[in-house]
Amino acid sequence: MSTPKRYTITTALPYTNGPIHIGHMAGVYVPADIYTRYLRGIGKDVVLIGGSDEHGVAIPMRAKKEGVSPQVIIDKYHNIIKNSFEDFGISFDNYSRTSKKIHHDTASEFFMKMHEKGQFIEEVTEQLYDPEANQFLADRFVTGTCPKCNHDEAYGDQCEKCGSSLNATDLINPKSTISGAEPITKSTKHWFLPLDQYEDFLKEWILEGHKKDWKTNVYGQCKSWIDDGLRPRAVTRDLDWGIPVPCEGAEGKVLYVWFDAPIGYISSTKEWAEREGKNWEDYWKKDDTKLVHFIGKDNIVFHCIVFPSMLKAEGSYILPENVPANEFLNLEGNKLSTSKNWAVWLHEYLEDFPGQQDVLRYVLTANAPETKDNDFTWKDFQARNNNELVAIFGNFINRAVVLTNKYYNGVIPAPNEFEAIDVETLEKLKAYPAVIASSLERYRFREASQEMMNVARLGNKYLADLEPWKTIKVDEERTKTIMYVALQIASALATLCEPFLPFTSKKLKSILAIESSFVAWESIASAEALLPSGHQIEKGELLFSKVEDTTIEAQLQKLEDTKKINEAAAKEVEPQKDTTTFEDFSKLDMRVGTIVEATKMPKAKKLLVLKVDTGIDVRTIVSGIAEHFAPEAIIGKQVTVLVNLAPRKLRGVESEGMILMTQQADGKLVFLNPDEDGVPNGETIS
């Protein structure tokens, strides 16, 4: 589509069982917002649609675990998620919820229209059932070994390692993620969308029609699914939380969350249109509308194969023009995990970095996982902030604004005759809107962000090369021209950075006093002057601040603490030993002692020879702790000693007892000793 009349932009509906982290932002919401802000900036009719996905089995399971109703769970996380998006400037025109009546009605009508047209297959099948939880298992609540690549953590609908489409019953050694039990099979009736009947349509529409304009990771996954052969896919589930299946014989069943969730885009658009006095059908049913879905790679099949097949079957909707899905973002070399708290949560980020939303937006864009999985590291965050936002962007704006206020009381000077470097710089500036737009139109947001930063580099280099702080002393007229050109770059930057750095753009427009006389995207390439001479600007403020090493170390320590908690939780506790009698236990003579000497055992890597004051005597004990403790570090350490252990010789040294210890999840040994100071040697432990 060369010149769409309007744009409908959708973002994956986040699941309301937890807050939003940087992986969600990098994969979906920041690129969608950048694209939408750009389209608005060039005057397009565009609507950005989002909402919370509030159905599916995970929500009632979490509610049961926390002892509350599912409504409490969805209300809690919907508000956290919605607030996080607002805090980070994700500029939704409408952010809805799939629990709303308008969505229930829309999804039910969609289902019934397909049902009445005979688009579903009704079939009794064998489904996996958790005998301990007493419920049928949704695909994502079954894990097992993939029959195609042997990945041992495949889900019941898809293997994320090889990308293969699966049925839960295909898995080898399946287990329920709810109870850990081995599922059994039970018969149940469901309604299926016969995806196999849409193979020819999908081959023509995707494999032929979008071979050149869809991202290779998206196209490749779609091709793999289609080449593998599509199979009917259930659109209903045996649950009591969700949208009831609106037809006879479907009591106790709800619409499968992957059927109802994408319809949430339509219901959210309806909600927006009703509020704004628009016709929602223009944005979903007219051929001159461009529909674009922003999602992560785990949602590709649903947005490129399942949902388009639903739209095709219903018959009155347009199809997505593009689905620029991103890959996954990792954190410090490890996969982001909600359950393991291995994430940077947006609400926590703002507690630690107040007012620095744009820094995170920029870093996530500059390091976006557009074609492959990428890694977020705090060191890279610090480097991009300090070396790019502060040293290039912030430095240029600060110089231009401070010098204008210093030399001309904030009034833009009239330029004199331009020299070659001035003309060349302004010509370069005029080229950037088209360059950045080209990258954005092709969904290359990393590339676009760096071209935007190149505008700041252009200005920074221009001032650094011409040094107006020196020329003002020898050539005031030449300095006026230099500052005039610099301020044109600053004005252009205020517009060009807006999709990427909306909070910074707002600050910069305020400093340059151009909020009411907005510099349009296309004006940068054509206007003679973006900021005319005589225009009054305001006093400056620092747009970015340096991130110190101590700040980064605190974030890394927070992750290290999380890692230790996870390791401790994952450590298998040894089972209880056989029951012993009190008489047997009373035979053990355990006493408080103090290590008075410690030396390494010659030619032994693990052994220390200790002299321990037991209160009874000072005796020799050989202990295998040399890899954990330096001898000099433990002299004077109070310990617990089993004093009546039968002596034994170790490398020719007789050991007369045992030091009691435990081991942490990371393998670190810990002495068992009294909590209180002043416990004398020889006190018995019973």
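**Cysteines**

Cys162 is partly exposed, its relative accessible area being 33%. Its sulfur lies 3.7 Å from the closest cysteine sulfur, which belongs to Cys159, and that is too far for a bond. The model is a predicted one, and it holds zero disulfides.

- A disulfide is a covalent bond that joins the sulfur atoms of two cysteines, and a pair is counted here when the two sulfur atoms are within 2.5 Å.
- Cys247 is buried, because its relative accessible area of 14% falls under the 20% limit for that class.

**Nonpolar cores**

- The largest nonpolar core has 161 residues, and those with the most contacts inside it are Phe259, Phe376, Phe381 and Phe393.
- Once residues up to four places away in sequence are set aside, Phe393 touches Glu388, Met452, Met453, Ala456, Leu493, Cys497, Leu501, Thr504, Leu508, Leu543 and Phe544.

**Buried positions in helices**

- Ile392 is found in helix H12, which spans residues 378-408, and is buried, with a relative accessible area of 13%.
- With residues up to four places away in sequence not counted, Ile392 touches Asn387, Met453, Ala456, Arg457 and Asn460.
- The C-alpha atoms of Ile392 and Thr594 are separated by 61 Å, and the two residues are 202 residues apart along the chain.
- Thr425 belongs to helix H13, residues 420-441, and counts as buried at 6% relative accessibility.
- Leaving aside neighbours within four places in sequence, the residues in contact with Thr425 are Leu458, Tyr462, Val485 and Ile489.
- In helix H2, which covers residues 58-66, the residues Ala58, Ile59, Pro60 and Ala63 are buried, and what covers the buried residues of H2 includes helix H3 (70-87).
- An α-helix has 3.6 residues a turn, so residues three or four places apart point the same way.

**Cavities and a pocket**

- The structure holds five cavities of 30 Å³ or more, and the largest cavity has a volume of about 120 Å³.
- The lining of the largest cavity consists of Ser165, Leu166, Asn167, Leu195, Trp225, Asp228, Gly229, Leu230, Arg231, Pro232 and Arg233, and by class these residues divide into five nonpolar, three polar and three charged.
- The second largest cavity has a volume of about 60 Å³, and its lining is made up of Leu193, Arg233, Ala234, Val235, Tyr256, Trp258, Phe259, Phe302 and Val306.
- At least two residues of the lining of the second largest cavity come from each of strand E10 (233-234), helix H7 (257-276) and helix H9 (300-314), while the classes in this lining are eight nonpolar, no polar and one charged.
- The second largest pocket holds about 400 Å³ of space, and of the 17 residues that line this pocket, Asp213, Lys215, Arg442, Tyr443 and Arg444 are the closest to its centre.
- The lining of the second largest pocket divides into three nonpolar, three polar and 11 charged residues.

**Backbone with positive phi**

- Most residues other than glycine have a negative phi, which is the background for the next two entries.
- Asn173 has a positive phi near 50° although it is not a glycine; Asn173 has its place in strand E8, residues 172-176, and is exposed, with a relative accessible area of 62%.
- Glu467, which is not a glycine either, has a positive phi of about 45°; Glu467 lies in the loop between helix H14 (445-466) and helix H15 (468-471), and counts as partly exposed at 26% relative accessibility.
- Helix H2 is followed by Gly67, whose phi is positive, near 70°.

**A lysine pair**

- Lys223 is found in helix H6, residues 216-228, and counts as partly exposed at 34% relative accessibility.
- Lys223 and Lys203 are 20 residues apart in sequence, and their C-alpha atoms are 8.2 Å apart in space.

Technical notes:
Residues numbered from 1 in each chain as written. Predicted model: local features only at pLDDT ≥ 70, side-chain atom pairs only at ≥ 80, totals over all residues. Heavy atoms only, no water. Core = buried A, V, L, I, M, F, W, Y, C linked by side-chain atoms within 4.5 Å. Buried < 20%, exposed > 50% of the residue type's maximum accessible area, 1.4 Å probe, protein only. Contact = heavy atoms within 4.5 Å. 1 Å grid on protein atoms, 1.4 Å probe; cavity = no way out; pocket = protein on both sides within 12 Å on 5 of 7 lines; lining within 4 Å. Points joined across faces, edges and corners; volume = space filled by probe spheres on them. Nonpolar A, V, L, I, M, F, W, Y, C, P; charged D, E, K, R; others polar. Helix = DSSP H or I, 4+ residues; strand = E, 2+ residues; numbered from the N terminus.
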